[in-house]
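Thanks for coming, everyone. I'll keep this short. Please have a look at the structure first.

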Amino acid sequence: APAHPRRPASGTAVIPRLYHLGELGFYMDEETTAFASRAMAEGKPPQMPSGMPYHRALLHTFMNALSARVFGLNNEFSYRLPGAILGILTVPLLFLFARPMVGTPVALLAALLLAFSEWHIFTSRQARMYAPFLFFYTACVFSILRCAQSDDNRDLVISIVLFIVTVTFHNLGVFAAFAPFIALFIPGYSRAPTYKLILFST
């Protein structure tokens, strides 16, 4: 059977995001996240070596801490792996998100462009929260649009949970609340009542 279009796109995303992931020392703000993640991995609250609390993107810090518990506290790879995995998964997620709106060829092109995006490769190889934020933001918008099509309360609950998670990664996640307006502006796209979509956005 021929491979699903999202598989080659996903495959091309793996190597540039995982290759020698732990060989480069921490740079820019990676150390900030790594300090807090290491503290959690050691059973302490998320904090700097000075004891100053660090609560930004707490879920991401927790994910990094779990990885550090498995792969080692003194390994840069440990703190970068969650972001790399979510960066890889964003590629097929973008394909699934785009395909209903633009068709398979354009959705595949969008996924391949993201797979080879220098910016996305760079952020996916960091211990910071930016690549995971994009994954959850895309998943949230995708879920909201599915909810608009299905008018299913289960999809609504999933969308709300993903929205909360997205906002915990970065304040810019609040803009996902405008996703229902995409459904409103595409003729015949939404089956959910207009008032539900507007209520979600407010």
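**Salt bridges and a surface patch**

Let's start with one pair. Glu42 forms a salt bridge with Arg38, and their closest N and O atoms are 3.0 Å apart. Keep in mind that this is a predicted model.

Lys44 is partly exposed, with a relative accessible area of 43%.

Next pair. Arg80 forms a salt bridge with Glu30. The closest N and O atoms are 2.8 Å apart. This pair links distant parts of the chain. Arg80 is in helix H4, residues 76–102. Glu30 is in helix H2, residues 30–41. They are 50 residues apart.

Glu30 counts as buried because its relative accessibility is 0%, and the cut-off is under 20%.

How many salt bridges does the count come to? Four.

Last stop, the surface. Met101, Val102, Val106 and Ile182 form a nonpolar patch there. Together they have about 300 Å² of accessible area. Take Ile182 from that patch. Ile182 sits in helix H9, residues 180–185. Its relative accessible area is 36%, so Ile182 is partly exposed.

That's my tour. Over to you.

Notes
Residues are numbered from 1 along each chain as its sequence is written. This is a predicted model: local features need pLDDT of at least 70, side-chain atom pairs count only at pLDDT 80 or more; totals for chains, interfaces and linings use all residues. Side-chain values use heavy atoms; hydrogens and water are left out. Patches are made of residues with over 30% relative accessible area and no salt bridge: like charges are joined within 9 Å, nonpolar side chains (Val, Leu, Ile, Met, Phe, Trp, Tyr) within 5 Å. Accessible areas come from the Shrake-Rupley method with a 1.4 Å probe; for residues, only the protein chains shown count as cover. A salt bridge is a side-chain nitrogen of Lys or Arg within 4 Å of a carboxyl oxygen of Asp or Glu. Helices (H or I, at least four residues) and strands (E, at least two) are DSSP runs, numbered from the N terminus. Buried means under 20% relative accessible area, exposed over 50%, partly exposed in between (1.4 Å probe, protein chains only).
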